[in-house]
Amino acid sequence: MKSREWIHYLEEQRRFRGKRLFTVTELANVARNSNSGFSVELSRLRQYGIIQRYARGIYGLPGIESPEILLSALDPRAYITGSFGLYRHNLISQVPVQVTAFTDRRRGRSRIRRTPIGTFRFVCVAPPVYHPPSGTVVAPPEQAFFDFYYLSRREGGEPRSQVTFRGLDRLSPDRINRLAGRYPGTVARQVRRELGKLISPSEQ
């Protein structure tokens, strides 16, 4: 395929299917080539800036900046939560250095993937803590808050020393109470206790 044909194909996939990322196998099939035989053409496409490498075996249109778009290609069973989830919901002020994602894929307790749009940290957890949100790859704010405290406690950290919280009055007490049963009792008690300290009397 010529360069303009690739540009047309990639833009068409984005416009009509919302697809921006592709595996090497998918691209090789479009080119009617084998994975190994496609390597030269793939190098040419990258050199011309038509396509960009985002992770091992994953390529897509240049300019993708959203971790949410890349996440499902890295691990379709993962969802963003913890500190990065809190940041996405504007509940902390600083940008986390890693995108924290929970998964049930057992590849060690944590797995780091470095990409052009940031470093992903995949943490393997079991149900009921592992609970993918419906219709999105970012955990709701209450769940992200619980997950942040769960992970901090598991690793021996102090949550309040790691981030600066804001807007916690937007968290739903009903959702907090419903979520509490999914986590160890020590985590649930700490979340409730800390929320009482972090939300000023005027905000409660």
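**Note on salt bridges and strand pairing**

1. Glutamate 142 is buried at 2% relative accessibility, where buried means under 20% relative accessible area, exposed over 50% and partly exposed in between, with a 1.4 Å probe and protein chains only. This is a predicted model, in which local features need pLDDT of at least 70 and side-chain atom pairs count only at pLDDT 80 or more, while totals for chains, interfaces and linings use all residues. Residues are numbered from 1 along each chain as its sequence is written, and side-chain values use heavy atoms, with hydrogens and water left out.

2. Glutamate 142 forms a salt bridge with arginine 175, the closest N and O atoms being 3.5 Å apart; the term requires a side-chain nitrogen of Lys or Arg within 4 Å of a carboxyl oxygen of Asp or Glu. Arginine 175 lies in helix H8 (residues 173-180) and glutamate 142 in helix H6, so the pair ties together parts that are 33 residues apart in sequence. Arginine 175 is partly exposed, at 42% relative accessibility. Helices (H or I, at least four residues) and strands (E, at least two) are DSSP runs, numbered from the N terminus.

3. A search of the whole structure gives 10 salt bridges. One of them joins glutamate 68 to arginine 88, with the closest N and O atoms 2.6 Å apart. The two residues belong to distant parts of the chain, 20 residues apart: glutamate 68 is in helix H4 (residues 67-74) and arginine 88 in helix H5 (residues 82-88). Glutamate 68 is buried, with a relative accessible area of 19%, whereas arginine 88 is partly exposed at 34%.

4. Glutamate 155 and arginine 121 also form a salt bridge, their closest N and O atoms being 2.1 Å apart. This pair links the loop between helix H6 (141-154) and helix H7 (159-162), which holds glutamate 155, to strand S7 (residues 118-124), which holds arginine 121; the separation is 34 residues. Here the arginine 121 end is buried, at 15% relative accessibility, and glutamate 155 is partly exposed, at 45%.

5. A network of salt bridges links Asp75, Arg105 and Arg111.

6. Strand S5 (residues 98-103) is mostly covered, five of its six residues being buried. S5 pairs with strand S4 (residues 79-80) in the antiparallel sense over two bridges; strands count as paired if DSSP finds at least two bridges between them. Alanine 101 in S5 is the bridge partner of isoleucine 80.

7. S5 also pairs with S7, in the parallel sense and over six bridges. Threonine 119 in S7 is the bridge partner of glutamine 98.
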